[in-house]
Amino acid sequence: MKTLAKICVTTALASGLALPAVAEIQTRTISVSNGIAETHPVGNGVEKMRECMTERTDGKWTLNAFWSSALGDDLTSAQALRSGTLEMVITSTSPLVGIEPALGVFDLPFLFANEAEADAVLDGPFGEMISEKMAENGLVNLSFWENGFRNLTNSVRPVASLSDFEGLRVRVMQNNIFLDTFQALGTNAMPMAFGEVFTALETGAIDAQENPYVTIDTSQFYEVQDYLSATRHAYTPFMVLYSKPMFDSYSEEEQQILRDCAMEGQTVQREVSRELSDTALAHVQEEGGMEFNEISEENLAEIRERVAPVYDRHKEEIGADVVDQMLATLEELRAE
Ligand code: TK8
């Protein structure tokens, strides 16, 4: 690789061209903000990104990761990216609907049936379209990583049917579609940043929250929650976002390194996320003492029916074209 680079430099100089990209890597310290804990699969993805950057920049780049909302919540961090005061955030799409309403499409309840569908949508033309929209908002989406299928935890009772949702004080992400979904289910839903959830559960300000198994485990929600119910009501992606004002000031080579390393991170992150999901579910029960329950097909059908009108109620706000494109993409995938 290094020899090749030297040959390129020599060739470029000999032919009087501008110095190639290798000479255009500057020394940089890149900070990345995360809401989740370092033990979450995002930690593995970030580690892979770091290795990749070190190799590609000959150690000129340092990737500093901040965990558990140490740099602020997802939305605050995303705003810092837009104003060029922070490099990177790995965030759920959901709290960013105020910046880009189209992101709300991922919050529609029971949208994806499985991880393969999510990957196909996110890594295909649909994901591309979303990334273009992010760029218009000063945010470069380097890659979609996995948050995962979300499941409900609470401290009151097992949730096994529609009526069990009634009156639960549940934290939802700062997002109208989640709010509407959980209100439709009969809960008392409260939007809140992720970093405040543990304390709110601990003090009893709320009874419930919903997140994938790996997050319930790595954020230790099992310490303050007794019941875990397999609702799988939504799949939320993570986006690896970079400050566009900063990105635009980098050389093409540097921009490519960011994109490539985020993609290398994606492979590892998704793999670990899927591997750890079952382990996390076992751990929160065995070590965390949570009581776990599945939901019967019949009861799930009733729950799905209750939240189905959420699609129409939010279609205009998300963008009718965006919702239609998503549904058409899914239909195509399912016909394959
Ligand atoms: C972490 C969040 C979190 C998300 C949420 O920063 O807020 O519940 O699922 O994992 O993005």
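Predicted model: local features only at pLDDT ≥ 70, side-chain atom pairs only at ≥ 80, totals over all residues.
Close-up 1. Residues are numbered from 1 along each chain as its sequence is written, and side-chain values use heavy atoms, with hydrogens and water left out. Helix α5 (residues 125-136) packs with helix α13 (residues 320-335) at an angle of about 160°, their axes being 10 Å apart; helices (H or I, at least four residues) and strands (E, at least two) are DSSP runs numbered from the N terminus, and axes are lines fitted to C-alpha atoms, for helices over the stretch in contact, with angles from 0 to 180 degrees between N-to-C directions. The helices α5 and α13 are therefore roughly antiparallel to each other, a term for angles over 145 degrees. Pro125, Phe126, Met129 and Lys133 of α5 make the contact with Val322, Gln325, Met326 and Thr329 of α13, where contact means heavy atoms within 4.5 Å.

**Close-up 2. Aromatic pairs around phenylalanine 221.** The structure holds nine aromatic pairs, a pair being rings of Phe, Tyr and Trp (its six-membered ring) with centres within 6.5 Å, counted as stacked if the planes are under 30 degrees apart, as edge-to-face if over 60 and as tilted for the rest. The rings of phenylalanine 194 and phenylalanine 221 have centres 5.8 Å apart and planes at 65°, so this pair is edge-to-face. This pair links distant parts of the chain, with phenylalanine 194 in the loop between β7 (188-191) and α7 (197-202) and phenylalanine 221 in the loop between α8 (213-218) and β9 (227-229), 27 residues apart. Phenylalanine 221 is buried at 1% relative accessibility, where buried means under 20% relative accessible area, exposed over 50% and partly exposed in between (1.4 Å probe, protein chains only). The rings of phenylalanine 198 and phenylalanine 221 have centres 6.5 Å apart and planes at 25°, so that pair is stacked. Phenylalanine 198 is partly exposed, at a relative accessible area of 21%.

**Close-up 3. Arginine charges over aromatic rings.** The charged end of arginine 28 sits over the ring of tyrosine 250, 3.7 Å from its centre, and that of arginine 232 sits over the ring of phenylalanine 149, 4.0 Å from its centre. A charge sits over a ring if NZ of Lys or CZ of Arg is within 6 Å of the ring centre and within 35 degrees of the ring normal.

Conventions: Parallel < 35°, antiparallel > 145°, perpendicular 65-115°, else oblique.
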